[in-house]
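Subject: Structure handover

Hello,

Please read them alongside the coordinates.

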Amino acid sequence: MMKTLGSPLAKLVRGEGARVQDDEGTWYLDFLAGIAVNSLGHAHPVFVDAVTRQASRLAHVSNYFATDPALALADRLARISGAGEAGRVWFGNSGAEANEAAFKLARLNNSGGARTRVLALVDAFHGRTMGSLALTGKPAMRDAFEPLPGGVTHIPSTIEALEAELDESVAALILEPIKGEAGVLELPEGYLRAARDLTRRHGALLIVDEVQTGAGRTGEWFAFQHAGIVPDAITVAKGMGGGIPIGGLVTFGHASDLYSRGQHGSTYGGNPLSTAVADAVLAEIERAGLVENAARRGAELRERVLGLGSPLVAGMRGRGLLAGVALTEPVASELSAAAMQAGLIVNAANDSTIRLAPPLIIGDAELDEFTDRFGRALDAVAATR
Ligand SMILES: *Cc1c(COP(=O)(O)O)cnc(C)c1O
């Protein structure tokens, strides 16, 4: 494997529900879920059945042909996003690819060449390909790869910065409704509404990166829906596939007319295997009420963590089942290692934040187990201070 990887936390061999097992037979409670990917947990019968059924029927055909699964998933995304009849969907294979498609969409909103800039936020994460990296607001990830595609300005996440930067030279503003990779950082109150008003006033697109927050994780299908706004486009991936690689761009209203024939494509994009599985995953999230479960369990998770009363916990950020445990000291790595020792997978998103993104299927049993194990990990780290 390339040196881009760190040393693995364990070698995993199987999973079941919210649990995974390593090659030594140890089971872990998985509160990372492949970084907000395994919405239904591991080896869910609906996921297994969808993979098996579609793989034995038609796995791949190329973009020269239509298939029922791609059309069904596009319809479903248009419905749950609120894009409706005027919505359009493009499929790729990952979040980065979805954001590449969004970046190219922004370039098409150029008003005859007058709009040359794209605004993105400091600290934002949009992916690792050259285009999505150009949108990403983390110098440590970008610097070695300059020059990146140009015209992107990273601005602080304040309404004042938006007001100062938005004008007729801006083609689009792209943002994460909650900055996941940066440590589950929320935007200021009223930010999305202000962003919607300002982009509309200046003719810029509002593009919401829902790669991590989408597919029900925050307690709405998409996090922008909490703010009651309508964006021009959203990008989706991670949780919508439940483990099968897929990403997509959903456009709303006039933004649906920007792309024309031949301007974008991907060999695997929208193939019947990945779209059938994603459609089945989203159907199960809907059938089993997992969007509501994410809201309810997220609130419970918050109470459970705060209820531990650990001196290491400063507070909780995030929404639904995308949670950030803010620590009083920069001990996130020690804490995630201690959690592994206690049989729990969590993620050190930065020095002083633990990110929790469990499968949307969790219930009382998983919360009990989490609370016990996370409490033990906190105590173990606190004892060393
Ligand atoms: C993970 C992530 C991406 C990149 O997705 P990949 O599938 O890893 O390419 C983009 N945006 C956000 C908000 C993400 O969390």
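A polar contact here is a pair of N or O atoms within 3.5 Å; within protein, one must be able to donate a hydrogen and the other to accept it, and residues adjacent in sequence count only if both atoms are side-chain atoms. An oxygen atom of the ligand is 2.8 Å from a polar backbone atom of Gly-95.

This is a predicted model, in which local features need pLDDT of at least 70 and side-chain atom pairs count only at pLDDT 80 or more, while totals for chains, interfaces and linings use all residues. Residues are numbered from 1 along each chain as its sequence is written, and side-chain values use heavy atoms, with hydrogens and water left out.

Ligand site

A polar side-chain atom of Lys-238 is 2.6 Å from a ligand oxygen atom, and a backbone N or O atom of Phe-125 is 3.4 Å from a ligand nitrogen atom. The residues around the ligand (one heavy atom within 4 Å of it) are Ser-94, Gly-95, Ala-96, Asn-99, Phe-125, His-126, Gly-127, Glu-176, Asp-209, Val-211, Gln-212 and Lys-238.

Helix packing

Helices (H or I, at least four residues) and strands (E, at least two) are DSSP runs numbered from the N terminus. Axes are lines fitted to C-alpha atoms, for helices over the stretch in contact, and angles run from 0 to 180 degrees between N-to-C directions. Angles under 35 degrees count as roughly parallel, over 145 as roughly antiparallel, 65 to 115 as roughly perpendicular and the rest as oblique.

Helix H2 (residues 45–55) and helix H9 (residues 272–287) have axes that come within 9 Å and cross at roughly 150°, which makes H2 roughly antiparallel to H9. With contact meaning heavy atoms within 4.5 Å, Val-46, Phe-47, Ala-50, Val-51, Gln-54 and Ala-55 of H2 meet Pro-272, Leu-273, Ala-276, Val-277, Ala-280, Val-281 and Glu-284 of H9. By class, these are eleven nonpolar, one polar and one charged; Ala, Val, Leu, Ile, Met, Phe, Trp, Tyr, Cys and Pro count as nonpolar, Asp, Glu, Lys and Arg as charged, and the others, Gly among them, as polar.

Helix H12 (residues 364–383) packs with H11 (residues 332–341), their axes coming within 8 Å and crossing at roughly 130°. H11 is therefore oblique to H12. On the H11 side the contact has Glu-334, Leu-335, Ala-338 and Ala-339, and on the H12 side Phe-374, Ala-377, Leu-378 and Val-381. Seven of these residues are nonpolar, none polar and one charged.

H12 also packs with helix H10 (residues 290–307), at an angle of about 25° and with the axes 10 Å apart, so H10 and H12 are roughly parallel. H10 contributes Arg-297, Glu-300, Leu-301, Arg-304 and Val-305, and H12 contributes Asp-364, Leu-367, Asp-368, Phe-370, Thr-371 and Phe-374. This contact has five nonpolar, one polar and five charged residues.

Backbone

Most residues other than glycine have a negative phi, and most peptide bonds are trans. Ala-33, in helix H1 (residues 33–36), has a positive phi of about 55°. The peptide bond from Glu-146 to Pro-147 is cis, with omega near 0°. Pro-147 sits in the loop between helix H6 (139–142) and strand E6 (152–155).

Regards
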